[in-house]
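Subject: Structure handover

Hello,

Here is the structure I said I would pass on. Please keep it open while you read the notes that follow.

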Amino acid sequence: MKALTVIGVLFGAMLIDVSFFASFNFFGVVPDMMLITVICFALCGGAFYGGLIGACGGLVIDLFTGMAMGIYGLLFMLMGIVAGNLGRFKFFTDNIFVPCILAAIMVLIRDLYMMVAMLTLSSPFSFFGTLVRATLPTMLVTAIFTLPLFAVYRRLHAARHMRIRRKSDQLDIV
């Protein structure tokens, strides 16, 4: 049940990115729903869980965008691992502003990563123009969208069907 929920949320986030925000944006700026999803699940579930969800979410983006396979998968996996390691500390999961700041930093890292990829492919672009006109507004909008979505993902992660069952938690009654 947990796997189906995570797969549904990942595809839901991607469909919202592709369909809803394609026609409805904020002055040309679109929040990165997949990045928000990866960060929220990683903060709630840990480094392994965050890396796994990040890799799956990144591969879904690679499939939908037609980019070279694995570019987003690797990047989102690393972001999930970093966010999951931060999630071990209670301060990062209890404070609602920490995921927002983390999402903004991750957008900056993602865009710098993609700019380096564009440089290696010899694509012409303006570094500072891209940074000011695209990256900084996307950081702001993604951070704003992270506020309510982190509360939703935290409640979803606390649901009974999302808990990890361990053999030590089960009682054997004979």
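Does Cys-56 count as buried, partly exposed or exposed? Its relative accessibility is 35%, so Cys-56 counts as partly exposed: the value falls between the 20% below which a residue is buried and the 50% above which a residue is exposed. Cys-56 sits in helix α3, which covers residues 47–65. Along the chain Cys-56 and Leu-10 are 46 residues apart, yet their C-alpha atoms are separated by 8.2 Å.

Please note that this is a predicted model.

Overall picture

The chain has 174 residues, and 42% of them count as buried. Its secondary structure consists of seven helices and zero strands. Read from the N terminus, the order of elements is therefore simply α-α-α-α-α-α-α. Take the contacts between residues at least 6 apart in sequence: 71% of these join residues at least 24 apart.

Helix α1

Helix α1 runs over residues 2–23, which makes 22 residues. From its first C-alpha to its last it reaches 31 Å, close to the 32 Å expected at 1.5 Å a residue. There is a bend of about 30° in α1, at Ile-16. Several residues of α1 are buried, including Val-6, Val-9, Leu-10, Ala-13 and Phe-21. The buried residues of this helix pack against α2 (33–45), α3 and α7 (127–158).

Met-14 is another residue of helix α1. Why does Met-14 count as buried? The relative accessible area of Met-14 is 5%, and buried means under 20%, so Met-14 is buried. Leaving out residues up to four places away in sequence, Met-14 touches Met-34, Val-60, Ile-61 and Phe-64. Met-14 and Met-33 are 19 residues apart in sequence, and from C-alpha to C-alpha they are 7.0 Å apart in space.

The nonpolar core

In soluble globular proteins, nonpolar side chains tend to be buried together. In this model the largest nonpolar core holds 38 residues. Which residues touch the most other members of this core? They are Met-34, Leu-35, Ile-39, Ile-53, Phe-76 and Tyr-153. The elements that give two or more residues to the core are α1, α2, α3, α4 (71–86), α6 (97–120) and α7. Of these, α2 gives the most, with ten residues.

Setting aside neighbours within four places in sequence, Phe-76 is in contact with Asp-32, Met-34, Leu-35, Val-38, Gly-54, Ala-55, Gly-58, Ile-61 and Arg-110.

Helix α4 and its packing

Helix α4 has 16 residues and reaches 23 Å from first C-alpha to last, close to the 22 Å expected at 1.5 Å a residue. Its buried residues include Tyr-72, Leu-75, Phe-76 and Met-79, along with the glycines Gly-73, Gly-80 and Gly-84. Among the elements that cover the buried residues of α4 are α2, α3 and α6.

Two packed helices are described by the angle between their axes and the distance between the axes. For α2 and α4 the angle is about 35°, and the axes are 7 Å apart. The crossing of α2 past α4 is right-handed. On the α2 side the contact is made by Met-34, Leu-35, Val-38, Ile-39, Ala-42 and Leu-43. On the α4 side the contact is made by Phe-76, Met-79, Gly-80, Ala-83, Gly-84 and Leu-86.

Helix α6 has 24 residues and reaches 35 Å from its first C-alpha to its last, close to the 34 Å expected at 1.5 Å a residue. After α6 comes Ser-122, whose phi is positive, near 60°. Val-98 is part of helix α6. With a relative accessible area of 13%, Val-98 is buried. Val-98 and Leu-86 are twelve residues apart along the chain, and their C-alpha atoms are separated by 9.9 Å.

In helix α7, look at Thr-135. What is the relative accessibility of Thr-135? The value is 0%, so Thr-135 counts as buried. Apart from neighbours within four places in sequence, Thr-135 is in contact with Val-107, Leu-108, Asp-111, Met-115 and Thr-130.

Regards

Terms used. Residues are numbered from 1 along each chain as its sequence is written. This is a predicted model: local features need pLDDT of at least 70, side-chain atom pairs count only at pLDDT 80 or more; totals for chains, interfaces and linings use all residues. Side-chain values use heavy atoms; hydrogens and water are left out. Helices (H or I, at least four residues) and strands (E, at least two) are DSSP runs, numbered from the N terminus. Buried means under 20% relative accessible area, exposed over 50%, partly exposed in between (1.4 Å probe, protein chains only). The expected span of a helix is 1.5 Å times one less than its number of residues. The bend at a residue is the angle between axes fitted to the seven residues ending there and the seven starting there. Contact means heavy atoms within 4.5 Å. A nonpolar core is a set of buried Ala, Val, Leu, Ile, Met, Phe, Trp, Tyr and Cys residues joined through side-chain atoms within 4.5 Å. Axes are lines fitted to C-alpha atoms, for helices over the stretch in contact, and angles run from 0 to 180 degrees between N-to-C directions. A crossing is left-handed if the near helix is turned anticlockwise from the far one by less than a right angle, and right-handed if clockwise.
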